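Dear colleague,

Please find below the structure that I am handing over to you. My notes on it follow directly after.

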Amino acid sequence: MAAGGRGGSEEGELGEFLEYMDRLRNYERSGVPRGAGTDSDDGFDLGRMRRLLRRLGDPHTHYPAVHIAGTKGKGSTAAFLSNIMREQGYKVGCYSSPHLLTIRERISVGERGGPVSAALLRDLFDHAKEAIDESMESENGALTHFEVFTALSFLLFSRENVDFAIVEAGLGGARDATNVIRNSELAASVITTIGKEHLAALGGSLQSIAVAKSGIIKEGRPVVIGGPFSTEVEQIFRDRAFLTQSPVISACDAGVRSITTCIGWDYAKPYQSCDIVVKISNDTPLSMELHDVKLQLLGDHQRQNAVTASCTALCLRQLGWDLSDASIRAGLEKTQLPGRSQFLTQDEASALGLDGASTILIDGAHTEASAKALSDVIRTVEPEGPLALIIGMADDKEHLAFTAQLLSGRRPDVVLLTEARIAGGTARSLPASSLRDIWIGVAHDQGIECADIGVVTSDRIGHLAAASSDKPTPMMIGCGDGPFSHDLMKAASRLLHGVRRVEGGGAGAPAGLICVAGSLHMVSSVLRQLEQQ
């Protein structure tokens, strides 16, 4: 995602650095080549990354690390684990991607977390620039944006003398730029989930994706697998672990139990209260029992991520790290991530020009699995009342499966399709008209009556809202008239107002929900507009 945004005054200190990074090849902007994440001749060249790190003094060898891969859940798991270790008093470096508002979000360092400061990142770049330039010349300009920033994060962790690093893989595992961590520094590997995202780049099948991600399992070091996985996929991990003589800890082991007991609200924001019990008695015995853990990250999938992070923490404890049950609880409860089932406050909604009549939910869901998770969150937290979805997606996602999952949940009253700005432009965004055709087609396949309301412009919205309030209407599907902005949220709010009138919504009736999803770039747009108000 485009750099800049949050902390605009701080970003001004990074002008030279951001200009330098923008000149590098950026696959987040252009899309990942076919086979690039596979352990084959088509895969990324890890030798290039190792040579760059050698020029920087091999900083990745100066501290122990947990390496996390997975289709979904790796960012949440990394955040959970980082906070657990910080609660115990460790100085933690965490590297993740992508970012929402500023590239500084990808690196957090120290006992409190939060994005690395612009001053620290600028000084780091000034220190490393000569070595990066030399490497760029020797590699004929082939170094990528992700490789350079990953190397800088490793260097920062070394210069800051972190006790521990938590490193999230970018794509796949085997050929990802982060997969230079040696078994001598690796405390444990973690694989969260397997799904079909980046299918072409990772070999074309779930099995090839699993093989690519299993590449982070290292000789003699334990691996924590999240799941749940199919038998075939899990066997791929276990076969790799057998070859590397790596103990396997499964977050879906029969001795691991978790349940959400209730949904509560604190300062107008929901949380899920969970019980998490781990009683594993195999080669790596783990034990913990936590009740009434208040997770700010919502949904069964986030509870499973919390379980995976807990099993990793218990694995580290078994390896000799000082980690108490109290720190695990506190770290889980402290963790929140922008754009993951994030409910805006009423003040935030008002800042976007919305009337406060509807609850606003923003979520970066863009795969079939994450659409199901989002649908479950909507059904759990807002089971009744009018519902509007605002969706924008990249052109390489599972559009049909994503749509089918959302329409299998609570039936929306309004669906507005738009174009997400991806890395500063719409070149990789699926046109809103194409999304509309997909949604109408899937709705018909599912027997859902819908009405195409065309392009939703400011001069038409009053008429559309009035028409929707005259009589019950089928699900309305329309398009924005340009790249996504909060004006489309205002349009959704007015359309829902008409739906509420038809349904006889009185003072005690559910206010309704507007959900923005389809891409973290959509979330980024909402948050950026919020900060500009």
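**Helix 2 and helix 6**

Helix 2 and helix 6 pass each other in a left-handed crossing. Please bear in mind throughout that this is a predicted model. Two packed helices are described by the angle between their axes and the distance between the axes. For helix 2 (residues 15-22) and helix 6 (residues 118-138), the axes come within 10 Å and cross at roughly 35°. On the side of helix 2, Glu16, Phe17 and Tyr20 make the contact. Helix 6 contributes Leu121, Phe125, Lys129, Ile132, Asp133 and Met136.

Strand 9 gives the most, with three residues. The lining of the second largest pocket comprises ten nonpolar, four polar and five charged residues.

Arg48 belongs to helix 4 (residues 46-55). Is this residue, Arg48, buried or exposed? The relative accessible area of Arg48 is 12%, so Arg48 is buried, the cut-off being under 20%. Beyond the neighbours within four places in sequence, Arg48 is in contact with Glu139, Ala142, Leu143, Thr144 and Glu147.

Ala365 is placed in the loop between strand 12 (359-362) and helix 13 (368-381). Ala365 counts as buried because its relative accessibility is 1%. When residues up to four places away in sequence are set aside, Ala365 touches Ser370, Ala371, Leu374, Phe402, Ala517, Gly518 and Ser519. A distance of 9.9 Å separates the C-alpha atoms of Ala365 and Ser375, which are ten residues apart along the chain.

**Backbone points to check**

Two cis peptide bonds may be of interest to you when you inspect the backbone. One runs from Ser97 to Pro98, with omega near -5°. Pro98 is situated in the loop between strand 2 (92-95) and strand 3 (107-110). Another joins Gly227 and Pro228, where omega is about 5°. Pro228 sits in the loop between strand 6 (223-225) and helix 9 (231-244).

Positive phi values also occur at residues that are not glycines, including Asp58 and Asn140. For Asp58, phi is about 50°. This residue, Asp58, lies in the loop between helix 4 and strand 1 (65-69). With a relative accessible area of 27%, Asp58 is partly exposed. For Asn140, phi is about 55°. Asn140 is located in the loop between helix 6 and helix 7 (145-159). Asn140 is exposed, because its relative accessible area is 73% and the cut-off for exposed is over 50%.

With kind regards

Technical notes: Residues numbered from 1 in each chain as written. Predicted model: local features only at pLDDT ≥ 70, side-chain atom pairs only at ≥ 80, totals over all residues. Heavy atoms only, no water. Helix = DSSP H or I, 4+ residues; strand = E, 2+ residues; numbered from the N terminus. Buried < 20%, exposed > 50% of the residue type's maximum accessible area, 1.4 Å probe, protein only. Contact = heavy atoms within 4.5 Å. Axes fitted to C-alpha atoms, helices over the stretch in contact; angles between N-to-C directions. Left-handed = near helix turned anticlockwise from the far one by under 90°. Nonpolar A, V, L, I, M, F, W, Y, C, P; charged D, E, K, R; others polar.
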